[in-house]
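Student: Hi! Could you walk me through this model?
Tutor: Happy to, take a look first.

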Amino acid sequence: MDAAEWQARIDLAAAHRLAVHFGYHEGIDNHFTLLVPGHADRFLLAPFGLHWSEIRASDFLVVDFSGNKLAGGGPVEDTAFHIHAPLHAARPDVTCVMHTHMPYATALSMLEEPELLMAGQNAIGFAGLVALCDYEGLALDSGEGRRMAAALGDKSVLLLRNHGVVTTGASVAEAFNTLYFFEQAARTQILAQSTGQKLRLVGEPALGRTVEQYTKSALVEGLDRIELHFAALKRMLDRQGSDYAT
């Protein structure tokens, strides 16, 4: 494989290890995928059965949108394929798709009104970016993935009622950054709601101004804030002696 694919594999493996570190994973379940660099019809997927704490760059399968394994060994889990292939196919701008049942986002999805309220600064970063999808059971056919893709539309986050969350991005760094901060926003909201007190929402003009500020603050002295965050997280794994990059 070329250098671009190997780097993609390293980043995707790091994301799995980071999901374990932050408590976003469910053992061998849930799934992250990434388009193979230079291709629009195939993606990297961890073979089912590996615990996320042991996934390495060399482990990933290459799977096309028809479900054919083009490289690697191990099983393709049904729901992983039926969720991710339609999402990638429907959104060619999306390189990386992450689906988890992480605790606070999932708790939010279980509420009668599963809305990320504009009551905290992290939540404001998701204003207008979250779509909602009703629950209809396990994704055991491609129709369920197509339904999810239709619900996602042009948003970057899909909150799955009674199920969990899907985040997307043009890179592993972007999709994981979205995953991280969505869980942070959901966590603080659930904690605030647990007090039983009414939440104080951020009103205009502060809300609109903060949304605009999020866009303008994407770079820090010309450096991408998201890429800096992901690089720092990978350095944390490196200091722990992780073998994700092998």
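Student: Let's start with Asn162, where is its place?
Tutor: Asn162 is in the loop between β7 (157-160) and β8. Helices (H or I, at least four residues) and strands (E, at least two) are DSSP runs, numbered from the N terminus. Before we go on, this is a predicted model, where local features need pLDDT of at least 70, side-chain atom pairs count only at pLDDT 80 or more, and totals for chains, interfaces and linings use all residues. Residues are numbered from 1 along each chain as its sequence is written, and side-chain values use heavy atoms, with hydrogens and water left out.

Student: What is the phi of Asn162?
Tutor: Positive, about 60 degrees, although Asn162 is not a glycine. Most residues other than glycine have a negative phi.

Student: Which value does phi take in Asn30?
Tutor: Phi of Asn30 is near 70 degrees, again positive in a residue other than glycine. Asn30 sits in the loop between α1 (3-22) and β1 (31-35). With 7% relative accessibility, Asn30 counts as buried.

Student: Now cavities, how many of 30 Å³ or more are there in the whole structure?
Tutor: A search finds two. On a 1 Å grid over the protein atoms alone, a cavity is a set of points where a 1.4 Å probe fits but cannot get out; a pocket is an open set with protein on both sides within 12 Å along at least five of seven lines, and lining residues have an atom within 4 Å of a point. Points are joined across faces, edges and corners, and a volume is the space filled by probe spheres set on them.

Student: What lies nearest the centre of the largest cavity?
Tutor: Asn30 again, along with Ile28, His31, Ala46 and Phe48, out of 16 lining residues. The largest cavity holds about 120 Å³ of space.

Student: How much space lies in the second largest cavity?
Tutor: About 40 Å³. Its lining includes Tyr135, Glu144, Arg147 and His163, and α5 gives the most, with three residues. By class, that lining has four nonpolar, two polar and five charged residues. Here Ala, Val, Leu, Ile, Met, Phe, Trp, Tyr, Cys and Pro count as nonpolar, Asp, Glu, Lys and Arg as charged, and the others, Gly among them, as polar.

Student: Where is Tyr135 placed?
Tutor: Tyr135 is in the loop between β6 (130-133) and α5 (142-152). Tyr135 counts as partly exposed because its relative accessibility is 43%.

Student: One last thing, which peptide bond is cis?
Tutor: The bond from Glu204 to Pro205 is cis, with omega near 5 degrees. Pro205 is in the loop between α6 and α7. Most peptide bonds are trans.

Note on methods:
Buried means under 20% relative accessible area, exposed over 50%, partly exposed in between (1.4 Å probe, protein chains only).
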